[in-house]
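Dear colleague,

I am passing a structure on to you with this message, and below it you will find my notes on what turned up when I went through it. Please read the notes with the structure open beside them.

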Amino acid sequence: MRISGVWKRLATAVVFIPVFVWVVLQAPAALFYTLMIALSGGAAWELARMFERAERAAHAGIAVTGALAVTASFLVAGGPTVTLVVILFVVLTASLWMPTARAVESTATTLLTVTYVGWLLGHAMLLRGLPDGAQIVLLLVGVTWAGESAAYAVGSTLGRRRLAPVISPRKTIEGAVAQVVVSVGVAALLGNRVLPAWSMGQLLGAGVLLGVLGQVGDLAESAIKRNLGTKDTGSMIPGHGGVLDRLDSLLFNTPALFYYATIVRGGS
């Protein structure tokens, strides 16, 4: 087990978790929205840099600006669709004023960055805007991070069978099972405290959804990194790598929980 890595993760958690909880529950909503936009920009910059280091053509400036704009656009009714259409026009015509021999590749990597980071993370704005939105965000992050920590701890100590050896050799079936179990348990315990209006069945369903889909998001990011020959997206967060490394599961779980809450709970 990589003890130093565990202690770095714990130290980072001790510092950041109380701050994040305060931002979600106590600070003005505008601060939460600003944080999400900043995270979108940071993650998009990391992904664009990964493409550049792997010598894959990309319009880095457009990618980062587009991700920022798309995430922010979720604060305005109808904003995401209009913003994404404008960015699509810009990216598709970029080769006219930014000539490149690999126009198709640069278009694809730029749009991937904008949609993967900016569009998916933008759902955090919608989630926060729901009734009890702050509490739902707390459930989202608490369940996701607890599940990830369980997978890391169990996989590092007890993991034997590889979950996806080609994509991520360190991930194990034992860790995956632990992540789902802990996700369900935390959803029940935390949700019962912060979202008393939700039934136990609804909380357990949310736990299963986040525990499973979060791992899909993690593996999706791992597939990108492996294809680009990169271990970590960055080093901004001690013990966790880059911003995108910390957000990979949340990029899938955030829209999933928003639609789950909207459909199952009717947005309440």
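Ala151 has its place in helix H6, and please bear in mind throughout that the model is a predicted one. With a relative accessible area of 18%, Ala151 counts as buried, because the cut-off for that class is under 20%. Once the neighbours within four places in sequence are set aside, Ala151 is in contact with Ser156, Gly175 and Gln179. Ala151 also lies 9.8 Å from Val181, C-alpha to C-alpha, although the two are 30 residues apart in sequence.

**Salt bridges**

A search of the whole structure gives six salt bridges, and three of them deserve a description here. The side chains of Arg246 and Glu148 meet in one of these, at 2.2 Å from N to O. This pair links distant parts of the chain, since Arg246 belongs to helix H9 and Glu148 to helix H6, 98 residues apart. Both partners are on the buried side of the cut-off, Arg246 with a relative accessible area of 15% and Glu148 at 10%.

Within helix H8, Lys225 and Glu221 are four residues apart, about one turn of the helix, and their side chains form a salt bridge of 3.6 Å, N to O. Lys225 is buried, with a relative accessible area of 10%, and Glu221 is buried as well, at 1%.

In helix H2, Glu52 and Arg49 are three residues apart and so separated by about one helical turn, and their side chains meet at 3.2 Å, N to O, in a salt bridge. Here Glu52 is partly exposed, with a relative accessible area of 36%, and Arg49 is likewise partly exposed, at 32%.

**Nonpolar core and surface patch**

The largest nonpolar core has 52 residues, and those with the most contacts inside it are Phe32, Leu47, Tyr116, Leu127, Ile136, Trp198 and Leu257. Among the elements that give two or more residues to this core are H1, H2, H5, H6 and H8, while the largest share, nine residues, comes from H9.

Val23, in helix H1, is buried, with a relative accessible area of 8%. Leaving aside the neighbours within four places in sequence, Val23 is in contact with Leu31, Phe32 and Leu35, and the C-alpha atoms of Val23 and Tyr33, ten residues apart along the chain, are separated by 9.8 Å.

On the surface, by contrast, Val82, Val86, Val90, Leu96, Trp97 and Met98 form a nonpolar patch, with about 590 Å² of accessible area together. One member, Val82, is in helix H4 and is exposed, with a relative accessible area of 54%.

**Hairpin and loops**

Strands S1 (residues 162-164) and S2 (residues 168-172) run antiparallel and are joined by two bridges, forming a hairpin with three residues between them. Ala164 has Ser168 as its bridge partner in S2.

Glu55, in the loop between H2 and H3, has a positive phi of about 60° and is exposed, with a relative accessible area of 61%. Asp132, in the loop between H5 and H6, also has a positive phi of about 60° and is partly exposed, with a relative accessible area of 41%.

With best regards

Note on methods
Residues numbered from 1 in each chain as written. Predicted model: local features only at pLDDT ≥ 70, side-chain atom pairs only at ≥ 80, totals over all residues. Heavy atoms only, no water. Buried < 20%, exposed > 50% of the residue type's maximum accessible area, 1.4 Å probe, protein only. Contact = heavy atoms within 4.5 Å. Patch = residues over 30% accessible without salt bridge, like charges linked within 9 Å, V, L, I, M, F, W, Y side chains within 5 Å. Areas by Shrake-Rupley, 256 points an atom, 1.4 Å probe, with all protein chains shown as cover. Salt bridge = Lys/Arg side-chain N within 4 Å of Asp/Glu carboxyl O. Core = buried A, V, L, I, M, F, W, Y, C linked by side-chain atoms within 4.5 Å. Pairing = 2+ DSSP bridges.
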